[in-house]
Amino acid sequence: MSDEKKSLPVNLGVFGRRGQNHGLAAADIIALSLSLLWLVATAIFFGVARLGGAGLGFDPLTFVFTFLAVTMPIALIWVGTSAAKSAKIMREESARLQAAIDAMRHTYIQQQQTASMAVRPSVEQKLEEIAASAKQTESAMATFASTRARIEAARAQAAHTPQDDAQPSLALGTTAEEMRAPLSIADFIRALNFPETAEDREGFRALRHALEDRVASRLVRSAQDVLTLLSHDGIYMDDLRPDRARPEIWRKFATGERGPAIAGLGGVRDRSCLALTAGRMRQDPVFRDAAHHFLRQFDHTLTDFEKEATDQELSDLAETRSARAFMLLGRVSGTFD
């Protein structure tokens, strides 16, 4: 947008003063001509009347009517001229105001386009980070599946291979889950928050460890599905700032209490995110099924987690991306009512 268009609303008064004509306008010339013509016509009329009626005395009433007959048409001519000039000025001012409004509208549209272009790179960066996280998760799942397949193959081979009594027996009956170190609470919380960036090695390590756990993996996968679907509408958990709920409220929810006592868990106040999520829940059955599955998994996992977690660990869990998604979806679906 050029500077001239941007300055239209400011210089509107200046343009109005420049538009005024300090000389005689066409309407003034016409009015003056008509007034002179009328004066000449009345002078001729009364001159002829005076010659025909010589010797008549002065009559005040006749003088008044004569004066009105001469001046009233002239006054009407100038009133009409003034009205025509006022209408012309109003049309010009209306045109200038419309031009100013158009310039302001163009400026606003250009600013909105510039703002959307500035936001788009950050959105694309977040999508790329989510895609990278998804690839890391898929590779971890593939590694886990191949490891499990090798263990099953070794177990089947050992079952069909005869062994001597002198040879020591191998503990092939032990499952991979029993051989693996248990998932710690810290890794569980870090996995529910997902890796911050593609270089977050600790985050990916905790995520892989959680995916190897039978119970935690179901919650992590359902949370990843929900976060990915929410990102399609531009809803990211990092942008939410929900009200913090005290640990005892989380414990009440985990023990099955419902109603006003646990209403503090629905602390998401972002109206745009709530409206977009509610619309998606109504219109998209795939998103609705994924959201309800995630809510059930989070509820079941929280019931066991609460028994062993401290208040600080519950507070840390509430700050994860998965917990924020739970608070958002729970409020939209009425879980905390």
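A salt bridge joins E306 to R251, with the closest N and O atoms 3.1 Å apart; the term stands for a side-chain nitrogen of Lys or Arg within 4 Å of a carboxyl oxygen of Asp or Glu. The two partners come from distant parts of the chain, E306 lying in helix 11 and R251 in helix 9, 55 residues apart. E306 is buried, with a relative accessible area of 12%, whereas R251 is partly exposed at 21%. Here buried means under 20% relative accessible area, exposed means over 50%, and partly exposed covers what lies in between (1.4 Å probe, protein chains only).

The model is predicted, and local features were considered at pLDDT of at least 70, side-chain atom pairs at pLDDT 80 or more, while totals for chains, interfaces and linings use all residues. Residues are numbered from 1 along each chain as its sequence is written, and side-chain values rest on heavy atoms, with hydrogens and water left out.

Turning to the overall fold, the chain contains 13 helices and zero strands. These elements are DSSP runs numbered from the N terminus, with helices (H or I) of at least four residues and strands (E) of at least two. Of the 337 residues, 29% count as buried. The accessible surface of the chain amounts to about 21,700 Å², and carbon and sulfur atoms contribute 60% of that surface; the areas come from the Shrake-Rupley method with a 1.4 Å probe, and for residues only the protein chains shown count as cover. Among contacts (heavy atoms within 4.5 Å) in the chain with a separation of 6 or more, 78% join residues 24 or more positions apart.

In soluble globular proteins, nonpolar side chains tend to be buried together. A nonpolar core is taken as a set of buried Ala, Val, Leu, Ile, Met, Phe, Trp, Tyr and Cys residues joined through side-chain atoms within 4.5 Å. The largest such core holds 50 residues, and W250, F294 and L302 touch the most other members. Two or more residues each are supplied by helix 6 (185–193), helix 7 (201–211), helix 8 (214–231), helix 9 (247–254), helix 10 (271–283), helix 11 (285–308), helix 12 (311–318) and helix 13 (321–333). Beyond its neighbours within four places in sequence, F294 contacts L219, S222, A223, V226, S322, A325, F326 and L329.

W250 also takes part in the packing of helix 9 on helix 12, where P247, W250 and R251 meet D311, L314, S315 and A318.

The side chains of D284 and R280 meet in one of them at 3.0 Å, N to O, and both residues are buried. In another, the closest N and O atoms of R324 and E319 are 3.5 Å apart; R324 is buried at 13% relative accessibility, while E319 is partly exposed at 33%. D187, R190, E202 and R205 are linked in a salt-bridge network.

Several loop residues round out the picture. F194, in the loop between helix 6 and helix 7, has a positive phi of about 65° although it is not a glycine. Most residues other than glycine have a negative phi. F194 is buried, with a relative accessible area of 9%. T320 occupies the loop between helix 12 and helix 13 and is buried at 3% relative accessibility. With neighbours up to four places away in sequence set aside, T320 is in contact with I189, L192 and N193. D243 sits in the loop between helix 8 and helix 9 and is partly exposed, with a relative accessible area of 36%. The C-alpha atoms of D243 and G267 are 4.5 Å apart, although 24 residues separate the two along the chain.
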